[in-house]
Amino acid sequence: MPKKNFNASVLPRMRAFSNRLISRGDSVLVGLSGGADSVCLLHFLQYLAKEKHFALAAVHINHGLRGKAADADEDFCRDLCGQLDIEFFSAKVNAHQTAEEFNLSPEHGARKARYTALLKVARKWGANKLALGHQLDDQAETILLNLLRGTKAKGLTGIPVQRPLAKGVDIIRPLMCITRQETEEYLKNNGLTHITDQTNFDDVYTRNWVRGTLLPLLEGKQPQIKSHLALMAAELEKLFEKSAHKSS
């Protein structure tokens, strides 16, 4: 998509969606991995912060799983924030130790360690919003993955656009209105680079098979499948919330 068309169609959608999640005076901490989505999110929120007047900082979590490669990712994120003049925090966690301590899989151990560290930095800086870079592809992949594994209806709500992390701190996902391709177009249009995690292409992980094989097959039959799945998830989430309010 030409940059002019992108700015006319995609950027207004991003702005309108983010305006539902961020208010004037918020303190927004961005989880920055260095991947395309998080770089897009950080750059876009810096642009939006000038309009809405909210505070912005970034945090990178080093999981200690990939040695020098993980350190290089951290350096990339630190340098990017230096270029953008955005306050930067980093934290190192021991995902293996957390997994063993709580009897979790390596993936869930890394997730628990990551969110614990993110909350600690959010408290330290004074953030009331933690912004993460999940987008429409992530939502569609999660819903399909839940279906494949077997799920109750709640699993069809996928990834929440906004949810409490702890008292006074909400997780928000401002890119859940655009696709992975659109985040990459955003980077290209703004001359931004990013890190590519090679494990994203290994089909030994079921999510990667969903991403690289199943979703493209579904899109061949229904090009709007990602948007349709996201809309279904949002409607189901509203129904669950309404039911919870009635029973309380």
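Analyst: What follows covers the model itself, then the sheet, its helices and the overall chain.

User: What kind of model is it?

Analyst: It is a predicted model, where local features need pLDDT of at least 70, side-chain atom pairs count only at pLDDT 80 or more, and totals for chains, interfaces and linings use all residues. Residues are numbered from 1 along each chain as its sequence is written, and side-chain values use heavy atoms, with hydrogens and water left out.

User: How many helices and strands are there in the chain?

Analyst: The chain has nine helices and six strands, taken as DSSP runs numbered from the N terminus (helices H or I, at least four residues; strands E, at least two).

User: And in what order do the strands form the sheet?

Analyst: The six strands make an open, mixed sheet in the order 3-2-1-4-6-5, where pairing requires at least two DSSP bridges between two strands. Strand 3 (87-92) and strand 5 (162-166) each have a single partner strand and stand at the edges, so one side of each lacks a neighbour in the sheet.

User: Which strand 4 residue is the bridge partner of V28?

Analyst: That is K129; strand 1 (residues 27-31) and strand 4 (residues 129-131) pair in the parallel sense over three bridges.

User: Which strands does helix 2 touch?

Analyst: Helix 2 (residues 36-52) packs on the sheet and touches strand 1, strand 2 (55-62) and strand 4, contact meaning heavy atoms within 4.5 Å.

User: Changing topic, how much of the chain is buried?

Analyst: Buried residues make up 46% of the 248 residues, where buried means under 20% relative accessible area with a 1.4 Å probe, protein chains only.

Conventions
Axes are lines fitted to C-alpha atoms, for helices over the stretch in contact, and angles run from 0 to 180 degrees between N-to-C directions. Buried means under 20% relative accessible area, exposed over 50%, partly exposed in between (1.4 Å probe, protein chains only).
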